[in-house]
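I set out to record what could be looked up in this structure. The entries below follow the order in which I examined it.

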Amino acid sequence: MNILNKLGWSDFFDSSLTENEKENMIIGRVSTVNKSNFIVIHENGVKTCELAGNLIYGLEENERPKTGDWVLFIDYGDQGIISRVLARKNYLSRKKAGKEIAEQIIVSNVDSAIVVQCLEIGLNLRRLERTIVQLHNCGITPIVIINKTDLSIDETQQEVFDFMIKTYDAITISAKDGKNINLLQKKIKTGRSYVFIGASGVGKSSIINALNGNEELKTEAISESVKKGSHTTTTRDLYFLDSGGIMIDTPGTREFGLTKGISDDTSSGFHGIDDYAKECKFHNCTHTNEKGCQVLKAVKKGKLSEEEYENFMKLNREMEHYESSTKDRKQKGKDLSKIIKNMKKSGYKNR
Ligand SMILES: Nc1nc2c(ncn2[C@@H]2O[C@H](COP(=O)(O)OP(=O)(O)OP(=O)(O)O)[C@@H](O)[C@H]2O)c(=O)[nH]1
Ligand SMILES: [Mg+2]
Ligand SMILES: [Zn+2]
């Protein structure tokens with residue numbers, strides 16, 4: 001396998017190149033996005049690159065290179081100039097925090113997400129469900145990890161702990177003493193890209209170090225009083241494991257605002273719901289009051305807990321709100337361009 005393939009290159013990207021580009025450009029993968037430049041890994045090393053002038057103003061925020069993107073650049077010695085960002089195979093996004101209805105791309109071209117929670121900060125099923133649903137929206141398969149199992153488990157957490165293993169095949173590991181790191185290692189394939197997701201301090205960087213058998217990445221202890229990590233990792237960075245596989249470390253993410261519409265899959269990704277929803281009488285059942293709704297029936301019969309049902313409905317409402325708001329915005333954009341067109345037709349001149 002050549003270096004580009006090890007970096008995740010595939011026919012999907014290769015087929016988008018023109019002959020001219022193949023001859024004159026260098027192919028690279030964005031490892032880190034800095035304020036004013038990009039760190040790009042390529043066949044012969046690492047290059048600090050900037051965007052070509054026409055891209056600086058020509059690209060919208062989400063079209064600019066993100067960690068994981070493939071780019072073409074020209075080498076000018078001490079720096080490279082990026083001339084094109086290749087179309088993405090997929091990307092992980094979330095709704096921007098706050099009231100604004102906008103999507104924020106976190107990383108591009110990833111095969112799997114390693115979703116980490118830990119015993120020290122505490123397991124949080126609601127947060128896991130939310131993350132899994134968003135990964136499902138983005139077409140990315142999750143690998144769920146419970147870290148810091150060298151610490152004793154709080155009694156109140158035992159039920160969630162068991163549930164996560166049963167429902168999500170969670171792998172219970174300790175980055176500290178190396179327990180079950182081999183089980184995670186087995187899931188990692190050469191040339192595939194894995195993004196780490198989880199709150200600050202759960203041990204994302206420590207796990208990458210453990211997988212690599214060394215101490216390359218910076219890690220930091222959790223504050224005793226607030227049980228919070230200190231946001232040690234501040235950029236999204238791409239690492240090669242000696243054993244193959246590309247790891248993308250990210251800063252801790254607290255919230256995963258949901259988007260919808262990337263995946264045309266009608267299933268929800270929410271555990272336990274889809275099996276019932278498939279059997280509902282109406283294919284567009286909203287599971288609120290319809291006759292023949294199997295989800296409601298499952299709740300009634302106690303097969304599905306009310307808490308799970310309510311959380312499912314809450315996430316659904318959030319996605320619907322996002323979807324209808326973006327549709328509204330697109331419609332408004334269309335209306336405006338119509339008005340401008342008509343204005344031009346009727347002889348208006350932009351002086
Ligand atoms: N006891 C124990 N501590 C661990 C384990 N894994 C990581 N830690 C500790 O937890 C703290 C946080 O680990 P990091 O790897 O920095 O966490 P992170 O998720 O990368 O945090 P951010 O970069 O802030 O998002 C460090 O003090 C680690 O030594 C583990 O398995 N057991
Ligand atoms: Mg970190
Ligand atoms: Zn239903």
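I began with helix H5, residues 125-138. H5 has 14 residues and reaches 20 Å from its first C-alpha to its last, close to the expected 20 Å at 1.5 Å a residue; the expected span is 1.5 Å times one less than the number of residues. Helices (H or I, at least four residues) and strands (E, at least two) are DSSP runs, numbered from the N terminus.

I noted that this is a predicted model, in which local features need pLDDT of at least 70 and side-chain atom pairs pLDDT 80 or more, while totals for chains, interfaces and linings use all residues. Residues are numbered from 1 along each chain as written, chains are lettered from A and ligands numbered from 1 in the order written, and side-chain values use heavy atoms, without hydrogens and water.

I next examined the burial of H5. Because 11 of its 14 residues are buried, H5 is largely enclosed by the rest of the structure. Buried means under 20% relative accessible area, exposed over 50%, and partly exposed in between (1.4 Å probe, protein chains only). Among the buried residues I listed Leu125, Leu128, Ile132 and Leu135.

I then looked at the two ends of H5. At its start, a side-chain oxygen of asparagine 124 comes to within 3.1 Å of the backbone nitrogen of arginine 126. After H5 comes glycine 139, with a positive phi near 70°.

Which unit does H5 belong to? I found that E8, H5 and E9 make a right-handed β-α-β unit. Right-handed means that, with the strands pointing away from the viewer, the path from the first strand over the helix to the second runs clockwise.

I turned to strand E8, residues 112-118, and found 7 of its 7 residues buried. In a regular strand the side chains alternate between the two faces of the sheet. Ser112, Ile114, Val116 and Cys118 point one way from E8, and Ala113, Val115 and Gln117 the other way.

I checked the partners of E8, given that two strands pair if DSSP finds at least two bridges between them. E8 pairs with E9 (residues 141-147) in the parallel sense over 7 bridges, and serine 112 stands opposite threonine 141 in E9. E8 also runs parallel to strand E11 (residues 193-197), joined by 4 bridges. In that pairing, isoleucine 114 stands opposite phenylalanine 196.

Definitions and conventions: Polar contact = N/O pair within 3.5 Å; in protein donor to acceptor, adjacent residues only side chain to side chain.
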